[in-house]
Amino acid sequence: MATEQRKKCSKCEVEKSLLDFSRDRQARDGLRNRCRECMSKIWKDAYKKDPEKWKARVKIWAENNPKNGEEPKKTVSFFCDTG
Ligand SMILES: [Zn+2]
């Protein structure tokens, strides 16, 4: 029974391993609908369009996401409104 759980990316429509999806607490299945690859493209494009907005966001996100791997106390919807 080595059936690996897979999920279809809503953007590129490729079925990928769950490891290819970032976690999203707000999502029903706990994972983003788009794979990491698509998300990184979306982020890059969004950043190019409006770098100042994203710089501010990264700052807020970093403040709420300690690098020691601890769960942030506050959830920030980072990159969630990119479509
Ligand atoms: Zn994808």
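Analyst: Here is a short walk through the fold, then a few residues.

Analyst: This is a predicted model, in which local features need pLDDT of at least 70, side-chain atom pairs count only at pLDDT 80 or more, and totals for chains, interfaces and linings use all residues. Residues are numbered from 1 along each chain as its sequence is written.

User: OK. What does the secondary structure of the chain come to?

Analyst: The chain has two helices and four strands. Helices (H or I, at least four residues) and strands (E, at least two) are DSSP runs, numbered from the N terminus.

User: And in what order do the elements run from the N terminus?

Analyst: The order is β-β-β-β-α-α.

User: How much of the chain counts as buried?

Analyst: Of its 83 residues, 6% are buried. A residue is buried if 20 or more other C-beta atoms lie within 10 Å of its own, exposed if 12 or fewer, and partly exposed in between, with C-beta atoms placed from the backbone.

User: Take α2. How many of its residues are buried?

Analyst: The number is zero out of 14, so helix α2 lies largely in the open.

User: What span should that helix have?

Analyst: For the 14 residues of α2 (residues 51-64), 1.5 Å a residue gives 20 Å, and the end C-alpha atoms are 20 Å apart, which agrees. The expected span is 1.5 Å times one less than the number of residues.

User: Switching to contacts. What share joins residues at least 24 apart?

Analyst: That share is 22%, among contacts between residues at least 6 apart in sequence. Two residues are in contact if their C-beta atoms, placed from the backbone, lie within 7 Å.

User: Where is Cys9, and what is it in contact with?

Analyst: Cys9 sits in the loop between β1 and β2. Beyond its neighbours within four places in sequence, Cys9 is in contact with Val14, Lys16, Arg34, Cys35 and Cys38. Cys38 is 29 residues from Cys9 in sequence, and their C-alpha atoms are 8.4 Å apart.

User: Is Cys9 buried, exposed or partly exposed?

Analyst: Cys9 counts as partly exposed because it has 19 C-beta neighbours inside 10 Å.

User: What about Glu13, where is that?

Analyst: Glu13 is in the loop between β1 (6-8) and β2 (15-17). Its phi is near 60°, a positive value in a residue other than glycine. Most residues other than glycine have a negative phi. Glu13 is exposed, with 9 other C-beta atoms within 10 Å.

User: And Leu31, which residues does it touch?

Analyst: Leu31, in strand β4 (residues 31-35), touches Lys7, Leu18, Phe21, Arg23 and Asp24, leaving out residues up to four places away in sequence. Lys7 and Leu31 are 24 residues apart in sequence and 9.3 Å apart from C-alpha to C-alpha. Leu31 has 18 C-beta neighbours inside 10 Å, so it counts as partly exposed.
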